[in-house]
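Subject: Structure to look at

Hi,

Here is the structure I promised you. Have a look at it first, then read on for what turned up.

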Amino acid sequence: MKIAVLSRNPRLYSTRRLVEAGQQRGHEMLVIDTLRAYMNIASHKPQIHYRGQSLEGFDAVIPRIGASVTFYGCAVLRQFEMMGVFPLNESVAISRSRDKLRSLQLLSRKGIGLPVTGFAHSPDDIPDLIRMVSGAPLVIKVLEGTQGIGVVLCETEKAAESVIEAFMGLKQNIMVQEYIKEAGGADIRCFVVGNKVIAAMKRQAKPGEFRSNLHRGGTASLIKITPEERMTAIRAAKVMGLGVAGVDILRSNHGPLVMEVNSSPGLEGIETTTGQDVAAIIIQHIEEHARPNQTRTKGRG
Ligand code: ADP
Ligand code: MG
């Protein structure tokens, strides 16, 4: 097969591993710099151009779209979808996953366990909003943050009020969430491919920190997940419409709670921690599922 990897940097671990795994399985792999792909939208025959040439004959596309280029990246991916190329994750599902609030609303509709979460516009509603999530300590999150940036733990209601007011004053959309203390600064990353959790790791925040992100100094270790956690992760990926997803789960004393669903989960942490060849499993998934013109949404919606 001929497979495109949409990525800004061919040297990134995840990009390199996907290219390697694809080549090892006999595929032609081409890394396309997302921001250098340009499109002819008006023609009857949708096209993508890259470095002066029209991209033709691709069977599948692997989007590795960074959070900062979501808008343009999804437009390029949509164009591939209109050309009938099989996307590992669809553009619509990626856009959904990039908005934390929208994702939680979709997940809650299907009854998936989530931390109690509130969202408001007016500063006048802050006190009630705080009561809604059962008071302090609580977590405040910028809707489009990643890698732990924009996630704040407020120990007291006074602190929470000031932080919420500050974010609102800066016109930043935020949500307020119950703090799952019993998780102890740890969460579980479940790597879902198709309808399976193919690898899982526990991430533990460094001492004095509650955010377990590896980018914030968290450490990863092997973990055995429960059948309930496995089911939850698979269902969450399915509700989001993602073929490949990193589902982050908090262990609360009333069961697994989904914190977020990542549509471009990194391969380095999970491969190093679990020893699984995640890249090869992803390529196999593409081999099994890539058929022309099978995108569910074809870029609609
Ligand atoms: P990001 O997209 O920036 O990674 P997350 O929502 O995943 O944002 O939050 C970052 C980290 O903060 C999580 O990995 C988790 O360790 C911690 N965290 C987030 N929300 C909660 C919560 N409600 N209760 C306890 N810990 C949380
Ligand atoms: Mg996260």
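Let's start with Arg 131, which sits in helix H5 (residues 126-132). Helices (H or I, at least four residues) and strands (E, at least two) are DSSP runs, numbered from the N terminus. Arg 131 is exposed, at 58% relative accessibility. For that scale, buried means under 20% relative accessible area, exposed over 50%, and partly exposed in between (1.4 Å probe, protein chains only).

Before going further, some housekeeping. This is a predicted model, so local features need pLDDT of at least 70 and side-chain atom pairs count only at pLDDT 80 or more, while totals for chains, interfaces and linings use all residues. Residues are numbered from 1 along each chain as its sequence is written, chains are lettered from A and ligands numbered from 1 in the order in which they are written, and side-chain values use heavy atoms, with hydrogens and water left out.

Back to Arg 131: which residue does it form a salt bridge with? The partner is Asp 128, with the closest N and O atoms 3.4 Å apart. A salt bridge here is a side-chain nitrogen of Lys or Arg within 4 Å of a carboxyl oxygen of Asp or Glu. Asp 128 and Arg 131 are three residues apart in helix H5, so about one helical turn separates them. Asp 128 is partly exposed, at 44%.

Searching the whole structure gives 14 salt bridges. One of them joins Glu 287 and Arg 25 (2.8 Å, N to O). Glu 287 is in helix H9 (residues 278-289) and Arg 25 is in the loop between helix H1 (13-24) and strand E2 (28-32), so this pair ties together parts that are 262 residues apart in sequence. Glu 209 and Arg 211 also meet in a salt bridge, at 2.9 Å from N to O. Glu 209 is buried, with a relative accessible area of 19%, and Arg 211 counts as buried at 19% too. There is also a network of salt bridges that links Arg 17, Glu 20, Glu 271 and Asp 277.

Next, the loop between H5 and E9. Ser 134 is found there, and its phi is near 65°, a positive value in a residue other than glycine. Pro 137 lies in that loop as well, and the peptide bond from Ala 136 to Pro 137 is cis, with omega near -5°. Why point these out? Most residues other than glycine have a negative phi, and most peptide bonds are trans.

Now the strands. Two strands pair if DSSP finds at least two bridges between them. An open sheet of four strands has the order E8-E11-E9-E10, with antiparallel pairing. Its edge strands, E8 (117-118) and E10 (151-154), each pair on one side only. Strands E9 (residues 138-142) and E11 (residues 174-178) pair over five bridges, and Val 139 stands opposite Gln 177 in E11.

Elsewhere, strand E12 (residues 186-193) runs antiparallel to strand E13 (residues 196-204), joined by eight bridges. E12 and E13 make a hairpin with two residues between them, and Gly 194 in the turn has a positive phi of about 65°. E13 is also joined to strand E14 (residues 219-222) by four bridges, again antiparallel.

Happy browsing!
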